[in-house]
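Colleague: Could you take me through a close look at the surroundings of the ligand, and then at whatever else stands out? I would be glad of the cut-offs as you go.

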Amino acid sequence: MNTQASSCSSNLEIMEIGGLSPKTNCYGYIEGYKSVNSEIGLILPTYCEAANIRKLIEEIENLNLNITILVIDDSSPDGTANIVRNLQKKYGNILLFTRLGKYGLGTAITDGFKTFLSFKKPPRNIITMDADYSHNPKDIPRLLNLAEKGYDLVIGSRYLPGGKTENWSPVRIMLSKIANSLSSVIIRARIKDCTSGFRCYSTRLLKKIIRELHSQTYEIQIETVRQAVKKGSLVREIPITFANRKLGKSKLTLNEIKQFISYILKAQFEDFFSVSKRVYFNKHKPYLSYTISQDVSNFTIRSKRDEINT
Ligand SMILES: Nc1nc2c(ncn2[C@@H]2O[C@H](COP(=O)(O)OP(=O)(O)OP(=O)(O)O)[C@@H](O)[C@H]2O)c(=O)[nH]1
Ligand SMILES: [Mg+2]
């Protein structure tokens with residue numbers, strides 16, 4: 001049961017990031033109750049999802065799970081954050097991470113992972129889902145069910161028998177199929193839907209791969225699966241129905257497609273030259289190592305993400 005969802009209308013705390021006040025020129029800030037602490041973390045990346053976010057969060061709350069919802073909003077001009085702030089007054093288990101620019105889906109998801117991993121007691125499982133209602137909240141317990149059985153990564157798959165996409169244009173279907181075919185070249189595992197954003201990760205897996213995640217945009221979905229497979233993690237898919245968004249606009253642009261293709265090429269290149277890469281990077285170790293704490297469970301997000309995390 002959700003012990004944190006309570007009607008608490010005051011005392012929302014602003015958590016400072018990297019010691020900077022939210023009013024200064026920093027990377028972002030988190031609002032919510034510092035004491036949130038649950039078995040499940042859920043990351044909702046948002047950019048202009050004002051039309052969808054309230055209904056989605058209320059449906060997730062109605063599942064009555066022991067869950068902390070972390071919205072990562074890139075200062076959406078449509079007021080998405082204010083809707084989340086209002087929901088925070090009703091539910092005590094919502095955190096709002098406002099980033100001060102549109103930094104991309106990939107960094108939103110990794111910032112979400114890092115936020116949860118920085119908790120004194122991180123959740124056991126972390127779910128990611130789109131905030132545009134394409135993913136059905138009722139599927140969350142199905143993902144969790146397999147995660148509880150020991151799977152490190154459970155993917156909601158549109159392309160397994162029983163899964164489907166609804167109301168997607170032929171062009172979107174084609175783009176998705178091409179993206180999945182390209183992904184299979186670098187992933188080399190029998191996964192039908194590598195680009196699905198509806199997933200459940202074990203914290204155990206995220207601790208192992210967090211330092212390998214550098215995606216800016218949609219290629220994060222491939223990067224995470226690739227790293228999970230490389231670490232020999234248990235990956236499983238379950239069929240889902242993906243419904244095309246009814247409200248709001250898609251954020252998938254040519255830039256995201258370019259970044260995706262560039263990641264596939266880079267990964268292919270890295271795998272091909274992995275031996276020489278290892279030798280090269282060992283020689284240049286200081287540039288590779290993280291300046292943040294070596295203990296993943298202990299770091300804080302700082303003001304300038306890329307300087308610190310890469
Ligand atoms: N924080 C953040 N969220 C983003 C960004 N880009 C996309 N998102 C969110 O990521 C999720 C997926 O984006 P969508 O635009 O729905 O992408 P898509 O599902 O491929 O495209 P659709 O056809 O519109 O469904 C949504 O919840 C978006 O609001 C971004 O730059 N920053
Ligand atoms: Mg979408």
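Modeller: The shell around ligand 1 is made up of seven nonpolar, four polar and eight charged residues; here Ala, Val, Leu, Ile, Met, Phe, Trp, Tyr, Cys and Pro count as nonpolar, Asp, Glu, Lys and Arg as charged, and the others, Gly among them, as polar. This is a predicted model, where local features need pLDDT of at least 70 and side-chain atom pairs count only at pLDDT 80 or more, while totals for chains, interfaces and linings use all residues. Residues are numbered from 1 along each chain as its sequence is written, with chains lettered from A and ligands numbered from 1 in the order in which they are written.

There are 19 residues around ligand 1, and P45, A108, A131, S250 and K251 come nearest (a residue is near if its C-beta atom, placed from the backbone, lies within 6 Å of the molecule). Two or more residues of this shell come from each of β3 (40-46), β4 (67-73) and α3 (105-117); helices (H or I, at least four residues) and strands (E, at least two) are DSSP runs, numbered from the N terminus.

Two loop residues are also worth a look. N64, in the loop between α1 (53-61) and β4, has a positive phi of about 55° although it is not a glycine. Y133 sits in the loop between β6 (125-128) and α4 (140-148), and its phi is also positive, near 75°. N64 is exposed, as 11 other C-beta atoms lie within 10 Å, whereas Y133 is buried, with 21 (buried takes 20 or more other C-beta atoms within 10 Å, exposed 12 or fewer, partly exposed in between, with C-beta atoms placed from the backbone).
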